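Here is a short report on helix packing and a few side chains. Please look at the sequence and model first.

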Amino acid sequence: MAQENRSLPSHPPAAVTRLLWEYDEIVQANPPFKILAAKIAEHGDLEAIRWLLATHGTAPLAAWLRSARVVSLDERAAAFWCLLTGVRRDEIHISPTWVR
C-alpha cells in the first residue's frame, strides 16, 4: 500500500479537481484533506481513489471516517470505505437518506 506521509504533487489530477467544481482555484490546487476525502469517497472514480490512496494512504481516511460527525455515503459506499480502511461499520455515522 502507499506510504502514509508522501508529499502531494503540485496539483491534483483532473479526476480530482473536477469533483471540486464549487471551490475556487486556490482550493482546487491545494484542497484540505477533509474536502478531498468527502468528495472522493462520495463521487470519485478509480483514478481519484488511486490518487487519494497514493498520496495519503489509508490511515488518514480511517481517521476521517471515524471523526466525521456524519458521512454522506450510502450503505454500499460506506461498506467499501470501511473495508478499504479497516474501520468497523459501527464506528461511522452515515447521514439519513433524506439528507443526501
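Predicted model: local features only at pLDDT ≥ 70, side-chain atom pairs only at ≥ 80, totals over all residues.

Residues are numbered from 1 along each chain as its sequence is written, and side-chain values use heavy atoms, with hydrogens and water left out.

**Helix 5**

Helix 5 spans residues 59-67. Helices here are DSSP runs (H or I, at least four residues), numbered from the N terminus. The buried residues of helix 5 are L61, A62, W64 and L65. Buried means under 20% relative accessible area, exposed over 50%, and partly exposed in between (1.4 Å probe, protein chains only). Seen down the axis of helix 5, these residues fall within an arc of 160°, so they line one face of the helix. The arc is taken from the directions from the helix axis to the C-beta atoms. The buried residues pack against helix 3 (33-43), helix 4 (46-56) and helix 6 (75-85).

Axes are lines fitted to C-alpha atoms, for helices over the stretch in contact, and angles run from 0 to 180 degrees between N-to-C directions. Contact means heavy atoms within 4.5 Å.

| Helices | Axes come within | Crossing angle |
|---|---|---|
| Helix 5 and helix 6 | 9 Å | roughly 135° |
| Helix 3 and helix 4 | 10 Å | roughly 145° |

The crossing of helix 3 and helix 4 is left-handed. F33, L36, A37 and I40 of helix 3 make this contact with A48, I49, W51, L52 and H56 of helix 4. Helix 5 and helix 6 also cross in a left-handed sense. Left-handed means that the near helix is turned anticlockwise from the far one by less than a right angle. Here L61, A62 and L65 of helix 5 meet W81, C82 and T85 of helix 6.

**The aromatic pair**

How many aromatic pairs does the structure hold? There is 1. The ring centres of F80 and W81 are 5.1 Å apart and their planes stand at 85°, so the pair is edge-to-face. Rings pair if their centres lie within 6.5 Å; planes under 30 degrees apart count as stacked, over 60 as edge-to-face and the rest as tilted. W81 is buried at 3% relative accessible area. F80 is partly exposed at 39%.

**P12**

P12 sits in the segment before helix 1 (14-17). P12 counts as buried, at 10% relative accessibility. Leaving out residues up to four places away in sequence, P12 touches T17, Q28, A29, P31 and W51. P12 and L52 are 40 residues apart in sequence, yet 9.2 Å apart in space, C-alpha to C-alpha.

Methods: Helix = DSSP H or I, 4+ residues; strand = E, 2+ residues; numbered from the N terminus. Phe/Tyr/Trp six-rings, centres within 6.5 Å; stacked < 30°, edge-to-face > 60°.
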